[in-house]
Every structure is written in C-alpha cells, then in structure tokens.
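Open the structure in your viewer and keep the selection tool at hand. This short tour goes from one stop to the next.

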Amino acid sequence: MISVGLLLMRLVIGLAFIGHGAQKLFGWFGGYGPKGTGGWMESIGIKPGVTMAILAGIMELVGGFMFAAGLLTPVAAVLIAATMLGAIVKVHAPNGFWSTSNGIEFPLTVLVFAVGVALTGPGSISLDALFFN
C-alpha cells in the first residue's frame, strides 16, 4: 500500500508541474507562454525574462513528467525543488508564511514533499523500480 500512496502523491505533484510547465512553454491551461511569462519575470527582476521562462517551463515539464513516472526520482525532485526555491525567494518570501497572503506556505510544502519522496524513494510502482531494481 505504501507504493500506491507514493504513486498517488507523485502523480498529483508531477501532473501539476507538467501543467505549469505547459503554461510557461505553450500557453496551455490558461498560461501566458514564454513571452507573457517572461514579461512578468522581468517585472520582478528575473532577466532575461523569456529565457528564464523557457528554462523554468522545461524544468517544470520535464521534472513533473519524471516525478509522476518515478523516473530518476532524485533528479526530478531537484528540478521541482529548484523551481519552488526560486518561487519562494523571488515571489513569496516578502509576503510571509501563509498562502492567504501569497506567502511561502505552499511552495515550501511542495519543495519539502518532493525532497521527501526523493529521500524515501518512488516506491515499487515506478520506472526507477522497473529499471534499477
């Protein structure tokens, strides 16, 4: 049952990150694509904006896919954790802790969750288990 729980957790986080990456890269799911996201990134001091939007989108899309699939899970977790650390530092930290104030609560939770799964392992229902066990 632990592997089923890990699978469910990996799928929810992984699919959400696939969606966030697709928002940045392709403008899907209500996103703004590289140009729109890049403009916002430049407005908060992340330059060059379009390049950074593409990089963040790739990290989210690839990290989300790998995390959901349980493929090279520690690498996937690093990609997810890095994007969340960037979000914490550049967007959420000035607003305190709570999500109700756009604080660090949610991105920190996702960061710790990803690292926790990487340290625990993806479980037996994963590509890591298939390829590396």
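Which helix gives the most to the nonpolar patch? Select residues 127–132: this is helix α6, and it gives the most, with three residues. Keep in mind that the model is predicted.

Now show the whole patch. Select Leu72, Val75, Leu130, Phe131 and Phe132. Together they form a nonpolar patch on the surface, with about 530 Å² of accessible area.

Zoom in on Leu130, which is found in helix α6. Is Leu130 buried or exposed? Its relative accessible area is 60%. Exposed means over 50%, so Leu130 counts as exposed.

Next, turn to the aromatic rings. How many aromatic pairs does a search of the whole structure find? The search finds four.

Select Trp28 and Phe29 for one of them. Their ring centres lie 6.3 Å apart, and their planes stand at 90°. Planes over 60 degrees apart count as edge-to-face, so this pair is edge-to-face. Colour the two by accessibility. Trp28 is partly exposed, at 48% relative accessibility. Phe29 is exposed, at 61%.

Move on to Phe97 and Trp98, an aromatic pair that is also edge-to-face. Here the distance is 4.8 Å centre to centre, with 85° between the planes. Phe97 counts as partly exposed, with 38% relative accessibility. Trp98 has a relative accessible area of 53%, so it is exposed.

Conventions
Residues numbered from 1 in each chain as written. Predicted model: local features only at pLDDT ≥ 70, side-chain atom pairs only at ≥ 80, totals over all residues. Heavy atoms only, no water. Patch = residues over 30% accessible without salt bridge, like charges linked within 9 Å, V, L, I, M, F, W, Y side chains within 5 Å. Areas by Shrake-Rupley, 256 points an atom, 1.4 Å probe, with all protein chains shown as cover. Salt bridge = Lys/Arg side-chain N within 4 Å of Asp/Glu carboxyl O. Helix = DSSP H or I, 4+ residues; strand = E, 2+ residues; numbered from the N terminus. Buried < 20%, exposed > 50% of the residue type's maximum accessible area, 1.4 Å probe, protein only. Phe/Tyr/Trp six-rings, centres within 6.5 Å; stacked < 30°, edge-to-face > 60°.
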